[in-house]
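Here is a short report on one protein model. Keep the sequence and the 3D view open as you read.

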Amino acid sequence: MPTGRGPELVVIPAGGSVARPFAISRYEVSAGEYDAFCQQSQKCRSSGAQADLPVTAVAAADAQRYAEWLTGTTGFTYRLPTDSEWVYAADAPGGSTERNFNCVVEIGGQKIRGFALASVRSGRPNGWGLYNQVGNAQEWVKAGDGWSARGGAFSDAISQCSTALNRVSAGAADAATGFRVLRELK
């Protein structure tokens, strides 16, 4: 983000339990984007992952620091989505009904999908244009006073991967959890 532009966003209209429209990153935050933050801020170490993969092994507090850095770099207010905002955006109307998620798929006892993380630009978008809202890396959301990881990961069975999959967490880093950011609209 050296240009001060920020990530590619999708505007989500108000509706359901979400009273105000917001913008959310079209893709999971990539290792390349997170590494740029680490280099420029000197507040973390490079992930060492391939640049187009979602960054994982980032604690919720570090993901928040990334959002704060984006706020300072771009002049717009960024943060992690709340649980209800994330679910509303992920459950967009329309879009493909095919379950083309990076989750574990087995046929005849043979694993054919869900081996590892895939590019943040992989898969098909939902009705609002979000990619990998289910599978690939599960994503940090603010849940009340704590944290949850939503959507499932590449290591979860396809039968479990859905926007309803919710893992309450203390916010510690793990290899299956990444994040996307929300930009508040005025």
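Predicted model: local features only at pLDDT ≥ 70, side-chain atom pairs only at ≥ 80, totals over all residues.

Start with strand E1, residues 9–12. One face of E1 is covered and holds Val10 and Ile12.

E1 pairs with strand E2, which spans residues 22–25. The pairing is antiparallel and runs over 4 bridges.

## Helix H1

Now move to helix H1, residues 31–41. Its buried residues are Ala31, Tyr34, Asp35, Ala36, Phe37, Cys38 and Ser41. What do the buried residues of H1 pack against? They pack against helix H2, residues 60–74.

Look just past the end of H1. There, Gln42 has a positive phi of about 60°.

## The nonpolar cores

The largest nonpolar core has 19 residues. Which of them touch the most other members? They are Tyr34, Tyr66, Phe179 and Val181. The elements giving two or more residues to this core are H1 and H2. H2 supplies the largest share, 6 residues. Tyr34 is also among the buried residues of H1.

Another core, of 11 residues, lies apart from the largest one. Its members include Ile12, Tyr88, Trp128 and Leu130.

Notes. Residues numbered from 1 in each chain as written. Heavy atoms only, no water. Buried < 20%, exposed > 50% of the residue type's maximum accessible area, 1.4 Å probe, protein only. Pairing = 2+ DSSP bridges. Contact = heavy atoms within 4.5 Å. Core = buried A, V, L, I, M, F, W, Y, C linked by side-chain atoms within 4.5 Å.
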